[in-house]
Amino acid sequence: MTTQTESNCVNCPVHNAAHLKKLGVNMSDYDYLVALAGNPNTGKSTVFNSLTGLKQHTGNWPGKTVTRAEGGFEYDNSKFKIIDLPGTYSLLSTSKDEEVARNFILFGQPDVTVIVVDATRLERNLNLTLQVLEITDNAVLCLNLMDEAERNNVEVDARTLSKMLGIPVVPTSARTKEGIDNLLRSIKEVATGEYVCKPRKVKKMNRKYQRAVDTLVEDLNKNFTNLKNPRWIAMRLLEGDQSIINALEDGSLTAETEKTISENNKFVENR
Amino acid sequence: MNNVKEIVNKANVLRWELGENFHDSLIEAIYKEAETISKETVKFKGENYSFSLDRTIDKYVTSRLYGFPIMLILLALVFWITIIGANYPSQFLSTLLLDKLHPVLKDFALGVGAPFWLVGLLIDGGYLATVWVIAVMLPPMAIFFPLYTLLEDFGYLPRVAFNMDRLFKKVGAHGKQALTMSMGFGCNAAGVVAARVIDSPRERLIAIITNNFSLCNGRWPTQILIASIFVGALVPAQLAGIVSALAVVSVALLGVFLSLAVSWGLSRTVLQGEVSSFSLELPPYRPPRILQTIYTSLIDRTLIVLWRAVIFAFPAGLVIWSVANITIGGEPLASYIINFFDPVGILIGLNGIILLGFVIAIPANEIVIPTILMLTVLFTGSAAGHENGVLFELDSLKDTEQLLRLGGWTLLTAVNVMLFSLIHNPCSTTIYTIYKETGSLKWTLLSTFLPVGMGLMLTFFVAQIWRIFSG
Amino acid sequence: MNSPVILLLLGVLILALPVFLFHPKKGLIALLKRYNRDAEKEKIENALKHIYDCEYREHYCSLESIAGNLGVTSDKSSSIFDDLEKRNLALTGNEGIKLTAEGRDYALRLVRIHRLWERYLADETGVDPDQWHIDAEEKEHDLVDSANEIAEKIGNPVVDPHGDPIPDKDGQIFKLEGKSPLDLERGEIAKIVHIEDEPDSIYAQLMAQGLYKGMQIQIVEKNDGKIVFSADGKEVVLASSFANNLTVAPITAKEEIKESFQTLDLLEENQEAEVVGFSGRIRGQQKRRLMDLGIIPGTKIKALLKSPFNDPVAYLIRGTTIALRKDQSEGIFIKYA
Ligand SMILES: Nc1nc2c(ncn2[C@@H]2O[C@H](COP(=O)(O)OP(=O)(O)O)[C@@H](O)[C@H]2O)c(=O)[nH]1
């Protein structure tokens, strides 16, 4: 197992090395791990390309990025590795793509998750955003396609949005590379902990379900210390997610403990 | 850990008590939240111009009256540009790599004292097959893929899926299969990769398995050559062009029909139990970025497919040269194989040479005809070819016809070659791609052997019925 | 021998061969498989399930009822029972035939596979509802080892598509609460919580009426021999013997009561409406996908364009144009804005 020794970063968080290896991420040679999530056709690949300088195929076609791409970039003397997750509408279903994206954010514990959204269709994109914020605290919202929004007389108040979501919101037009610099800065700020995210959690659930979640959260907290996102785990348990049950059993969800996870933990897509 | 078990049990009790609507309730709550947030942060200040523009475009491209004509015209345009545009570079490449460079290389190799067999194997075999594939394959793909990608980038392709979905639903498939099929007319391997846009597992498998029935770029030349020689000859000279073109188009249409029929069959039998769900988003139209598109589609599609083809073509070249040039008891190896295949070949209206041609040209359909020509020369001892045991194509149709007739070809042979070229196993590049995309040996084998079986069947029946009627 | 006519006939024969071999029901392979399958084992397993079912429903179970259920003679059924007794799976008490602890374990395993498989078919595949049970009947004898795998893949469900509880890995099972619709008063509103899938003929009828689990019904009329209720805006008439195969739970006042709604496929171009809910035919993967796309109760939805064949139709849903097939839009309830 490769460890962090090659890294020149002193106060970087300890990555869950075993997990990342399982997820097929080469551990060496970067300081921070960034995941890129977003609905299909919101310009995710374009953002990925402008961050990394790679030329991945983009297309006006929902559901084109199926396999996971990865790349790297340097900013402000830190090395970032960025993983392009499959574009999905949600993280709650059983489809293969969603499982890959969901498990990566949960088990891979990226330092920052960048959520690319379409500024002209913010409402529907917030569905995925809020789900991501249930899993991870460290996120940046990339408000892409701003040029299209402007052209179509859609105005988005990024500052209020940032306040309401509790994470940085960066307007961009990835096609013309506008705003990418700001995006880089925000990624760095969240990664280093300069910006402390206070993500919004979903509240308006039907009362009886909310109670069920609360009971489980209580039990989880009693039995495990260090559980990062008990609410999400409780919700997944209520949906019978086997990868969560397995992860609880082998202790790989209780952060920092670098336990090796059992071989049959099948959350990686084996293509 | 026992606690986990307890918690899981508790969760299950809760699930039973709450009924099955937890998921729904969660999604509803999230959307409510999203609504609240977007109400506070998003302002619509006037008309959404592109939305109304999109609707206007959509009115035409999905209309009952214009929808299909527009689609056919665009597709025809793409093919036309591809065929016309590919002609010159193809000729240029083949003159350069085959006619000019090949003898130079060979002389050079012999000059530095390389043994004859090695030169033959590497240069007459491997090199020739590889550059052959490049010359035939590269130009059309370098034109077809960017054009196709431009349509994709613009946002037109999902509309085609929208228009065609009804038809595909009838056979248990997804409207987007219309796109993987038309992609398959360019290259089946690319068509298989394109099936990624189909997000329902069952429909995606159907699209992958049936893609081979789209007559690909590598097979069009075979069809055209055979049709012009044998079918065109049936009618007066001034009609020959049209009739042979019609013959080729009917073969392609037969492919489309088979594709649908097999989809129907698969969705009702082996694939019945696979996961299935439908959704189709119609994205906004966006002006495509032409340069970037050309660049990425060259890198992403053309070169990758070409590279895979080359990897397979080189060893095929080695095999082709070997069977033609290695002799056992004074007879080339090929003779034995051809004699072995001959009874079956004759039975299904082909012959041993043609079957062997199809077998060793599995790596690339482009070299089926050259291989058959070479073997025919070898076997009939005709002097029409250049050197014995080397791939070639004749410049004039008349010469080709003479050679083939000498090899025992009749109209029946021609028809069956056209049919079998449509309905046989995918080329090795495609087979490999299918394996990569599905990750399953089972589906790869099915996609390989189903069409061979169907092709053998069909040619067999055509041959028998033909023979009955021709007495 | 080489005459094309003979060859042609031969070819047809060869072509017919795979059909003869592989036909899923009547083909030679299917027949062989059925023949080879341990017929005895299957009978025993079916008997176990029957006894379990009796216990679950608190019916009296006897040799006769076993014979009736399995469709065998009473001689045969008593020999099956002897076998069960010998293996210490069942015994006779004063309340008829009962399962031993081991027998119950065995039965629960079978039940688990059966219900899991039904759930899998219902949620993930396009297999028709009346096919679920039949398919599961075949699978339950084969899939013993892969039950957990299936369960994990579809999120360890606790209920099957008919509303029956699925026993968990350790054989724990919940109990279904509810009553027959015949016990409801006129005007009373209830929700279908379970639809019995045996016998097939009755089940197929119920499915044909469009009934599904979770459907709300209101009793319109009840007289001897039949019952009339309204469901999803339609009136359904059932003979009592059929209605007895339904289990319903009266709805508590708090839960929202569905009126009769229109379905989305009725929306004309450029008309707008609000989504109210899903019919039970939209389920599993399909339903989750639609919800992910933003189709949830309260969503405004507008029909934008029809495809040339009128199916699918593109709708404007939360700012995005999404095409839905008719069989999907038929399962989405709306009310006009
Ligand atoms: N006008 C505009 N178009 C963009 C922008 N970002 C991406 N696009 C276009 O949106 C389409 C989808 O982009 P892509 O990166 O493939 O999206 P993905 O499916 O999320 O990976 C492509 O046609 C891009 O050219 C942007 O900021 N402005």
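Accessible areas, as I will quote them this morning, come from the Shrake-Rupley method with a 1.4 Å probe, and for residues only the protein chains shown count as cover. With that in mind, the accessible surface of chain A comes to about 10300 Å², and carbon and sulfur atoms hold 45% of that area. Please keep in view throughout that this is a predicted model.

Let me stay with chain A for a moment. Its fold is made up of 10 helices and seven strands, and of its 271 residues, 67% count as buried. If we take the contacts in chain A with a separation of 6 or more, 64% of them are accounted for by residues 24 or more positions apart.

How far does the confidence in chain A go, in terms of its average pLDDT? The average for chain A is 78, with 77% of the residues scoring at least 70. Where pLDDT is low, the predicted coordinates should not be read in detail.

Turning to chain B, the average pLDDT is 87, and 97% of the residues score at least 70. Within chain B, confidence is lowest in helix α1, residues 2-18, where the mean is 80, while the highest value, 95, belongs to helix α17, residues 411-422 of chain B.

That brings me to chain C, which is divided into domain 1, covering 28-99, domain 2, covering 181-250, and domain 3, covering 262-336. Taken over C-alpha atoms, the centres of domain 1 and domain 2 of chain C are separated by 30 Å, and the C-alpha trace of the whole of chain C spans about 75 × 70 × 40 Å along its principal axes.

In secondary structure, chain C has 12 helices and 13 strands, and 50% of its 337 residues count as buried. Among the contacts in chain C between residues at least 6 apart in sequence, 62% join residues at least 24 apart. The accessible surface of chain C comes to about 16300 Å², with 51% of it belonging to carbon and sulfur atoms.

Finally, the charges: chain C carries 43 positive and 56 negative side chains, and the centres of these two sets lie 4 Å apart.

Key: Residues numbered from 1 in each chain as written. Chains lettered and ligands numbered in written order. Heavy atoms only, no water. Domains from an automatic or database assignment. Helix = DSSP H or I, 4+ residues; strand = E, 2+ residues; numbered from the N terminus. Buried < 20%, exposed > 50% of the residue type's maximum accessible area, 1.4 Å probe, protein only. Contact = heavy atoms within 4.5 Å. Lys, Arg positive; Asp, Glu negative; His and termini not counted. Charge placed at Lys NZ, Arg CZ, Asp CG, Glu CD. pLDDT = per-residue confidence, 0-100.
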